[in-house]
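Please consult the sequence and the structure shown here while reading.

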Amino acid sequence: MSAAMHVLNGLGRINHLVGRTGIVLGSVLIAIMTSVVIAGVFFRYVLNNSLSWAEDVSLIMMVTTAFLVAPFAYRSGANVAIEILAEMLPKVLMRVTRLIINALVLWLLYRFFLESLVLIERGWAIRVNTVPIPWAYPYMMVPVAFIAMAAVGIELLARDIYGIATQSDDADLPHQAPREPE
Amino acid sequence: MSLAYFWIFFVLLAIGTPVVFALLAAPGLSLVLDGQDGRFFAKLLSQTYSGMYSFPLMAVPFFILAGELMNTGGITRSIVRFSESMIGHVRGGLAQVNILSSILFAGLSGSAVADTSALGKMLIPAMEENGYSRRFAAAITAASSVIGPIIPPSGIMVLYAFVMNVSVAGLFLAGFMPGLLVGLGLMALTGWFARIRNYPVAARRSTWKESSLAFLKTFPALVTPVLLLGGILSGIYTPTEAAAVAAVYALFASVLIRTERWRRFIDNPVHAYLHVGPLTLLLFAGFTDYVGVFLFFSVGLAWIVIAEILWRTVFRERRAAAAAATGAAAPDDPDRGQSWSGAVNATARTLPKILTDTALQSGVILLLVGAAVTFGWMVTVSGLAREAASWIQTVTDNPYFLFFLVNILLFIVGMFLDAGPAILILGPVLGPIMYQIGIDPLHFAIVMCVNVTVGLATPPMGLVLFVAASVSGERVESIVREIWPFLAIEFAVIFLITYFPSVSMTLPALAGFARCPEGATLCHTLTGLIGG
């Protein structure tokens, strides 16, 4: 089992690194986005010369941030869920439920990944309103995020399979460990 | 298109699927079952992307950023000190301070979780030391924190306004009175508890100078709502730009209040009031057409010079006394503040964490919004909203009773679901039904926002209950036992604004965002006066 644990930890480290990179890049985009919007107000109100590109650029940054942080949010359990019923289940059943959920998420990511490639393909023909680039460039973040999220989904699935096989919580992430009823 | 996605969504939610994935997987599975995935699956992704691609929605990350900056910049501490100087001397003073701080904090951050965590960390241990039970301290912190998203600015209102296409500024104005009523109601109930449980008096009555100092320390933060609403209502900037301005201002304020120069400036209240009093009035005027921003800056600069001349001539004796007192102060006094560069460095050190926290929180909310827009699209094209509306109208056609039923539904949903997802999922379903029976969109918006916000503090899944439990170390069940009377006050306010629309609608009507409700004499008189 230690070999499986090594593989799991290795995948976990990669996912953690990818997730942290996404968060750091997202935070940089948030800072730039704020500056761009403030510059837009200043140019429009004080210099009487509005920055036509400011809205599109800041919006692209905002949506990109959402996709950048998605893998970290998925891995750290930051997405809101109603876990009241799942937490009442016995440990094994809880893990089985989580396996089903993560398998479903992986299916969704796979379908969305395929659609995102089509989206990029179509994006080459359409230009962003006020910025001289095709939409394909902003769309490129979408499949990248789905691949990173899929890697997280595989890690979470593997951790639960390991937990069922060994009847232990050793491989669980901190937020994932089943809690004993009080 | 079948309605299978609706039932799949609830099953997925019940087994603990994160809401964002349930909102996307349910329509996806339903399309596969109907054999229409080839035709419509691409639409799910494009809707998610375009659902996030909205300028009004950008206010969400900016408000989160402003709240985080205010929290870490020492502003929370100054708000608590100011509240303490105002009402710390009454019986049950610290509990009242907790509520007043929540009201003031609400004008800066739009988040109940931020309120519970920031104020709870400071006030729950202090209340416990003063003889309150820990569960009461945690309960009052959680109950009063829901004022955060009711009094503007409010992240929840931005979400609602975006999804349902109502005015953010109108909704912000509609939130003022309900927020204040919740605050006053909680204070009245706490006053009664303080008498029957003999809660202690926290502090002696503050002197004028102490109150003034506490007020001036909080002053930079208290200007935030003026900057926000003034700019939006005067049309200088949009609500989204206002949120960005609030974030940058929060950064400036957290540097300013750390500096030695600011602390010396407010150390003599007469000197400080001489500057900030007229400048605040001028700021209000600056947002009107009569004065304008440019005149505000010119007159403001002129006033600073005049105030300094007055301080050095008319008030020269006071100035000499203040200079002597400052000179006598110990050089290693920890409250002296830092140099400008020191304050900038101290703030800069906190920025990476603030920005990463903001990115994570914003990303989670934005993706949720994108997923909810996709789900809303499915609700529309499948005809679910239409069917739900006709079914509800077979139950009753009495708008008052229907509003009552909707409130109960929202309350039950709020018990299990976070406020944001509740608005994103139910807004597009319930909104059109309520408009059809003649309820004003803004009126329904404020009732729904207040209802799901109160849901943040209702068991079993109230988010702020968990935050209060984690901050206080008290069990959620104990907090729940203590919080019911406070929740009763909040439910009373919900029904008050439901059946007396003028309570929440007068301010938006005065600003031209809505019509006065029928029979609202005061609202009609005031709008007549302003219009005339």
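## Salt bridges within chain A

In this predicted model, A:D169 and A:R95 form a salt bridge through their side chains, with an N to O distance of 3.0 Å. A:D169 lies in the segment after α5 (141-166) of chain A and A:R95 in helix α3 (residues 91-123), so the pair ties together parts that are 74 residues apart in sequence. A:D169 is partly exposed, at 29% relative accessibility, whereas A:R95 is buried, at 3%.

A salt bridge also joins A:D160 and A:R98 (2.8 Å, N to O). Because A:D160 belongs to helix α5 of chain A and A:R98 to helix α3 of chain A, this pair ties together parts that are 62 residues apart in sequence. Both A:D160 and A:R98 are buried.

## A salt bridge within one helix of chain B

In chain B, the side chains of B:D357 and B:K353 meet in a salt bridge (2.7 Å, N to O). Both residues lie in helix α18 of chain B, four residues apart, about one turn of the helix. B:D357 is partly exposed, and B:K353 is exposed.

## The interface of chain B and chain A

The contact involves 57 residues of chain B and 56 residues of chain A. Together the two chains bury about 5,100 Å², 81% of it on carbon and sulfur atoms. On the side of chain B, B:L45, B:Y49 and B:Y53 lose the most area to chain A.

Two salt bridges are found across this interface. B:D37 forms a salt bridge with A:R111, their closest N and O atoms being 3.0 Å apart.

Notes:
Residues numbered from 1 in each chain as written. Chains lettered and ligands numbered in written order. Predicted model: local features only at pLDDT ≥ 70, side-chain atom pairs only at ≥ 80, totals over all residues. Heavy atoms only, no water. Contact = heavy atoms within 4.5 Å. Buried area = accessible area lost by both parts, 1.4 Å probe. Salt bridge = Lys/Arg side-chain N within 4 Å of Asp/Glu carboxyl O. Helix = DSSP H or I, 4+ residues; strand = E, 2+ residues; numbered from the N terminus. Buried < 20%, exposed > 50% of the residue type's maximum accessible area, 1.4 Å probe, protein only.
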